[in-house]
Amino acid sequence: MTTPIKVNRIGLEPQVYKGGKTTLCAGCGHNAISERIIDAFYEMGVNPAQVIKLSGIGCSSKSPAYFLGSSHGFNAVHGRMPSVGTGAMLANHKLIAIGVSGDGDTGAIGIGQFVHLMRRNLPIIYIIEDNGCYGLTKGQFSPTADLGSKLKTGVVNDLPPIDTCALAVELGATFVGRSFSGDKKQLLSLLKAALAHRGTVMLDVISPCVTFNDHEGSTKSYAYAKDHDDPVEDMTFVPFFEDISVDYAPGSAQEVTMHDGSKLILKKLEEDYDATDKIGALKRLHETARRGEFATGLIYIEPDRDDFLTQLNVVDEPLATLPLERVRPGKEALEEIMEGLR
Amino acid sequence: MSPTDQAVQEQQAAGKSQRVVNDFSIQIATVNGSGSQTANMVLLRSVLLMGVPVSGKNMFPSNIAGLPTWYTIRASKHGYIGRKKEVDFLVAMNPETAKEDVLTLEPGAAVVYDEPLKLNALRSDLIFYPVPFDALVKPVCPDAKLRRLVRNMIYDGILANLLGIDLSLMEKALGKQLGKKAKAVTLNAGALKAGFDYAAATFTKQDPYVIETMNKTAGKILIEGNAAAAIGCMMAGVTVVAWYPITPSSSLCESLITYMKKYRVDKTTGKATFAIVQAEDEIASLGMVIGASWAGARSMTATAGPGISLMGEFAGLAYYAETPAVIFDVQRVGPSTGLPTRTAQGDLIQAAFLSHGDTKHLMLFPSSVEESYTMAMEAFDLAELFQTPVFVMMDLDLGMNNWMSEAFTYPTTPINRGKMLTPAKLNELGATWGRYKDVDGDGIPYRTIPGDGLPAYFTRGSGHNAKGQYSERPDDYVENMDRLSRKFETARAHVPKPAVQSNPKAKIGFIAYGTSDYATEESRDQLREETKVETSYFRLRGYPFNQELSAFVDAHDRLYVIEQNRDAQLLQLMKLELAPDQQKKLRSVLHYNGLPIDARSITDDVLAQEGYEVAKKQTVRMSAGTAGGE
């Protein structure tokens, strides 16, 4: 007797969501993130033919080759993936964009494009695989390295880090989260919620570099991340296509309805946290950072703001494939223009 | 006939022969931001309405208000619309430059000036018409705050009277310029009339310059190259535009926004069939263009030299990953910030090889507003046909100045989207399809786009094989680079062919491109008329070079390559491809002072190189530098 093949809600097997064999180091946090992406897209029943994967340059940016092998991918230039992603989404707003960047790709060379991506609220899931160092060039510090963090060579970082989450909240991203590559449950929930959101999703995922930044004295190591992870809430994601009710005592959780009708149940932990409060989110990020910890979970969400493509008021069909008669005005239009110039 | 009558007749005949009809240039010196642009456009258009071929060139500072600006209008019954080196008629409105403006005129020139400047004391060999502008503007413009702007319209009225321009045509031009702003039209029409009446009552015509009705402009339009290119882009079906403001290209995208909002918004839904984004810089602009074209949109950007420099890395990605991109380079004077509001053709070599590694690009060279329109459309077809960036090499003179042109004709062919894979083609190719596989032998592969349901591939700027997979294998790299070369060779036959005028008697061949065309044509006439030197003319319209270039070089003894840059950039590009004996024939005519090239400069330079004695002409005007913002 054969076991029935497992398929998701659109009838696709898990295999369809896998990618090529990874060439990253064994134990690299990035591989765990790729696995969660595969799980999230499979479980949410996303059609891979509608997905575009984008990345910049660096170890992180190689990873789109290792998930969703049947989707189009674009490994662009260093720090400039946001613009390529923006262009692609302008061309076809029916696509689902996932971009993978790194802490150097985002925080250093790409900070300008990162800033403007967040401002525009383009529909895209933007993931920073954050290990605090440049792995592909053998371990130099990146701008997210914490003050006092130590390199394997003994060099100590004496500059303050860029907090990409605080920056994203400040700049106008409408879904900002932080997680840890080792926290399967939280990361998967965040990714699934990200797929339900329409707007810019910024996820900073602490993803230790086993080769160059996983030693004692590093603040981006597995051990450090496990000990200093400070979740802001206990998150349950309920997709729109699942009829599940989650029980919680009144006042003990915040319920957020997503763009596609999915629900996020954010159960309060020891202190009250309101993920829709921008100032509260920034306060919490700063407070945990001051304690040497990092806040994780859904830091900030603004589910209703118009995304960039809605603001541009483009036609419902993808611009890329509009027929000639819709993109070339008629003869009378040219004649009218010419008459105005005589 | 009495002797006296005869003498009078002779006098009249002499007077008549001295009249200069429809063949002179007017320069208007004003202060930037004083509303002079409206007055200048009205003057320009009224000459056009008189049926006289005309062109207008704005020489302006990199500044919003307060610095000197000059506008030159050339009327030419012969249809020469390049810059004329000499100024025949000056309108001196700017106290700061008035003295130098007057001192650099040729003897016999006429000057309309603001009376308090007392310019008539400076020279005795000019014809002066003093005008009390402040006194004239007061009664026609009661609102003191508006007087500064309306004041300039008075010189149009003065000129209408002195030059013989029909005042009603000037009023018509005013209406066209100000459109629906009825109050402004009335106010300015009053100023026109005040100027006209003052001149009629005060001056006796002493200068020879006259505009007389002709019939050479029927149906013609006046338009800037940037606006013409914008119309071409719209007709080419552009859907995604990303840009960053930079002089002199901004008005291309701004015109495009205006036209698209009018003609490319769905009438029933009110939704746009386009997306235009002002990006954070030129790097992001090209990134967006590449992302959009990769996802199947016809996309473009427009910039100038500094933006081209920033786009280097992305240009290499587009070349290597093979994504279409249309990039307008409205060239200005470099290096660095250079002279942001002056014209040049200095970006050829930069654009041809933009980016590191072995990279080369297609270029188009429009020389007219009409070609700005047609080549915009060609650029999109070529970019998609060859899946590569196409640079449309305009310049400030073409892009920002007003040019007279035949009305543009509606495109007769559909757009060509190149080798887009279809399900049928995929069936036919079967397993032989690979994103970068040359199945047709022309170097051009078939592409798919996200969302089309056809096989996906991973696009990258890193090494890849014919299937688009990551590869560092030496054979994969060489095979791919050689195919890219093959594709470039294929392009030779597809980029626009040159416009060649062969003269079998000519030993000299001229080679020029872009806006040098007008001065080049006029110079050929000067050479023929003044020294009986015959020339042939090859106007380059596309790069890589077609086969015609080598044949033209072979057919002549000496080739003058006429360019608006210091380093003979086209000549250098030619040297890379021509044989050593062909290279020996090449000479340069270079013009790079920021002003549009003029025929006299070319003629004198060629004659000097041909061994003729050439008298040193007047020095270049506008030596006074202007400081200002970017």
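This briefing covers cysteines in chain A and a strand sheet in chain B.

The model is predicted: local features need pLDDT of at least 70, side-chain atom pairs count only at pLDDT 80 or more, and totals for chains, interfaces and linings use all residues. Residues are numbered from 1 along each chain as written, chains are lettered from A in written order, and side-chain values use heavy atoms, without hydrogens and water.

**Cysteines**
- A disulfide is a covalent bond between the sulfur atoms of two cysteines.
- With a cut-off of sulfur atoms within 2.5 Å, the count over all chains is zero.
- The closest cysteine sulfur to that of Cys25(A) is in Cys209(A), 6.3 Å away, too far for a bond.
- Cys25(A) is partly exposed, at 39% relative accessibility (buried is under 20%, exposed over 50%, partly exposed in between; 1.4 Å probe, protein chains only).
- Cys165(A) is buried, at 0%; its sulfur lies 18 Å from the closest cysteine sulfur, in Cys133(A), too far for a bond.

**The sheet in chain B**
- Five strands form an open, mixed sheet in the order β19-β21-β20-β23-β24 (strands are DSSP E runs of at least two residues, numbered from the N terminus; two strands pair if DSSP finds at least two bridges between them).
- β19 (499-501) and β24 (586-590) of chain B are the edge strands, each pairing on one side only.
- The twist averages 20° from one strand to the next (axes are lines fitted to C-alpha atoms; angles run from 0 to 180 degrees between N-to-C directions).
- β19(B) and β21(B) (residues 535-540) run antiparallel, joined by three bridges.
- Ala499(B) has Arg539(B) as its bridge partner in β21(B).

Definitions and conventions. Helices (H or I, at least four residues) and strands (E, at least two) are DSSP runs, numbered from the N terminus.
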